[in-house]
Amino acid sequence: IRCWSNIPFITMPLSRAHGKSFAHRSELKHAKRIVVKLGSAVVTRGDECGLALGRLASIVEQVSMLQNQGREMMIVTSGAVAFGKQRLRHEILLSQSVRQALHSGQSQLKDMAIPVLEARACAAAGQSGLMALYEAMFTQYSICAAQILVTNLDFHDEQKRRNLNGTLHELLRMNIVPIINTNDAVVPPPEPNSDLQGVNVISVKDNDSLAARLAVEMKTDLLIVLSDVEGLFDSPPGSDDAKLIDIFYPGDQQSVTFGTKSRVGMGGMEAKVKAALWALQGGTSVVIANGTHPKISGHVITDIVEGKKVGTFFSEVKPAGPTVEQQAEMARAGGRTLAALQPEQRAEIIYRLADLLTDQREDILLANKKDLQEAENKGRLALPLLKRLSLSTSKLNSLAIGLRQIAASSQDSVGRVIRRTRIAKDLDLEQVTVPIGVLLVIFESRPDCLPQVSALAIASGNGLLLKGGKEAANSNQVLHHLTQEALSIHGIRDAVQLVNTREEVEDLCRLDKLIDLIIPRGSSQLVRNIQKAAKGIPVMGHSEGICHVYVDTDASVEKVTRIIRDSKCEYPAACNALETLLIHRDLLRTPLFDQIIDMLRVEQVKIHAGPKFASYLTFSPSEVKSLRTEYGDLECCIEVVDSVQEAVEHIHKYGSSHTDVIITENEKTAEFFLQHVDSACVFWNASTRFSDGYRFGLGAEVGISTSRIHARGPVGIEGLLTTKWLLRGDNHVVSDFSEHGSMKYLHESLPLPQRNTS
């Protein structure tokens, strides 16, 4: 516990030997000493008529939060010249208006001209007000701030340099945030060609170079440069082909075209890059980001420190493989080539992958054994997840069978005509199936998911990005290699990409210009996190699998225990496993009810009692905490209902619209249940476990969707397709169909071409 101003706060263990910059964004959370540089465009308002108070308050709040975590924060701020210019302009206008009103009358006020204001005078007028504002804001967080004004000479004079260094270290020791600015009231103009003459020399001619110099002098871990652009682009921001550079490496500046500088301030992007590279050479990591965007400025600093993909990160370590953005572009290009193949060629790739799964089973199982051993040694996976992680010869054989089903059913998927309409004479319209584009599939502890999803993407002509859990890294690597080997028979290895970088899932979900659909495969928590993180990208899936089985009064004794046992005990970790058993009230204290309870006890299923069920019992099992619980283990809830109508209402209130079952011999009751339950899968006298793409004859599935748009239930090839419209005409124009035109709309339905069902 550290204290300052009698306010205690918890510190976090942060320690790092300075000397080498961080290689990856994920390491930024270990930064202990941080410099935040605020450009003039960040500090001032867009109309240049005052400071951006809301933005400044948000920055101060973020800096204070990091300071209270035990980090050492420093701010290099611009804004004094701009603030002073606004103050002086106001004073000049006021004095001119008074004089002209006295001597010339009101008519000449509109002709007043504001003289050019000298920058040093503006700085002198603005510095005190700017600092007063910072002090007032930091005081709200019980943090003290101190002002330091420097010039280039302070760094060239050895004694002054030592004094400055000592002052800053003492302020940091006392938990004070130093606020540093160039002393623009007295600073001389920079000497020509004096910049960047080696690691020990940098001319302090603007606050970018000051921040870099200060960061290296103070052995800072991280320099955050906030401006009015998202980061560094490969061409001027705003141009058609401009792309944000996620990671910038020394030597890359030759491929960058710099635009104009910001609307206020002295430094442009070129100055920022030079300063950043100089700081990087001195051992300080650098991120250039946007501090003015209203949607991100409230958390931009903390996001950077947490390692999120914000702005441009400067790194000396260039990765061996492509970036995830490059992988997405490769997947899109590969997917388009894949879609252009003949159906037989796509099927040939999938058949080849199925053969490789059995031919190379020893290599696959060896890699999987390594994953299992590592998971068991680290003890980080629960038993249900370990089961999902495990592969076996029988699993691989089943996978191969499923892939061959996909290959056989994919012959007529892409390019299938689903509607034909004759709009007018010689003007025919077709609606045809096409791939969605680039899919991002994120999966946990399920290496068998990789070949399944890959086969479905290949069959539907989609590019694919795969992000597997690190617990299955070895298995995934081998399976992806086999997938690319199968793709290579038609020269399109790049259509399926495995993301192996340190990319966070949240960052992947922001690639809305590169990814068209996200499909999560894993825990309900993973799905919820992805649905929350996805920015402008649709997410296909379900966050929970709360599946019900309702036992009606007319249920068959022979069927009930078999279906319940299979639904709950065959694979309790599956999303289509039974979680809540609904029993008709009239079945309580009957031999059938006793058989159900005895079977669950034999299978070692822990029972939780619903509120109504508990009220009927003198000694009941533990009462359920929530009727919306997905146990994912040998546990289930039992609840009592008075009728099939009440069972339907219960499912609608507490279910997740996944899979729900009725067991009854009464056809009328069954049909009522089938028609009224609003779930993706509704079954009569069948186990919930049939809710599966392979069991439905889809070959495999990318997941089970509870969405009401596009695809619902187990999603196979059809769910990975969308449509486009093809119109074939002959010199047709809309004006011909006007009231006095020569043509009339026909809108005749035309027969569809014969489908290939072989």
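In what order do the eight strands of the open sheet run? I read the order as β5-β6-β4-β3-β7-β9-β10-β8, and I noted that the pairing is mixed. I also reminded myself that this is a predicted model.

**Entry: the edges of the eight-stranded sheet.** I looked for the strands that pair on one side only, and found β5 (145–150) and β8 (247–248) at the edges. I then followed β5 to its partner. Six bridges join β5 to β6 (residues 177–182), and the two strands run parallel. For one pair I wrote down the residues: Val150 has Thr182 in β6 as its bridge partner.

**Entry: helices on that sheet.** I turned to helix α2 (residues 53–68), which packs on the sheet and touches β3 (33–38), β4 (72–77), β6 and β7 (222–227). The direction of α2 makes about 155° with that of β4. Next I checked helix α6 (residues 158–173), which lies across β3, β4, β5 and β6. I noted that α6 runs at about 170° to β5.

**Entry: the six-stranded sheet.** I found another open sheet, made of six strands in the order β19-β20-β18-β17-β21-β22, and its pairing is parallel. Its edge strands are β19 (606–609) and β22, each of which pairs on one side only.

β18 and β20 (residues 635–641) pair in the parallel sense over five bridges. In β20, Ile638 is the bridge partner of Leu581.

**Entry: two positive phi angles.** Most residues other than glycine have a negative phi, so I wanted to log the exceptions I came across. Arg589 has a positive phi of about 60° although it is not a glycine. I placed Arg589 in the loop between β18 (578–584) and α20 (591–602). Is Arg589 buried or exposed? Its relative accessible area is 64%, so I count Arg589 as exposed.

Asn685 went on the list too, with a positive phi of about 55° although it is not a glycine. I found Asn685 in the loop between β22 (681–684) and β23 (703–705).

**Entry: Asn476.** I looked up Asn476 in helix α16 (residues 473–487). Why do I call Asn476 buried? Its relative accessible area is 3%, and buried means under 20%, so Asn476 is buried. I then asked which residues Asn476 is in contact with, leaving aside its neighbours within four places in sequence. I listed Phe443, Pro447, Leu450, Gly468, Gly469 and Leu498.

**Entry: the whole protein.** I finished with the totals. The protein has 23 helices and 26 strands. Of its 758 residues, 51% count as buried. The accessible surface comes to about 34,700 Å², and carbon and sulfur atoms hold 51% of that surface. Among contacts between residues at least 6 apart in sequence, I noted that 75% join residues at least 24 apart.

Key
Residues are numbered from 1 along each chain as its sequence is written. This is a predicted model: local features need pLDDT of at least 70, side-chain atom pairs count only at pLDDT 80 or more; totals for chains, interfaces and linings use all residues. Side-chain values use heavy atoms; hydrogens and water are left out. Helices (H or I, at least four residues) and strands (E, at least two) are DSSP runs, numbered from the N terminus. Buried means under 20% relative accessible area, exposed over 50%, partly exposed in between (1.4 Å probe, protein chains only). Contact means heavy atoms within 4.5 Å. Two strands pair if DSSP finds at least two bridges between them. Axes are lines fitted to C-alpha atoms, for helices over the stretch in contact, and angles run from 0 to 180 degrees between N-to-C directions. Accessible areas come from the Shrake-Rupley method with a 1.4 Å probe; for residues, only the protein chains shown count as cover.
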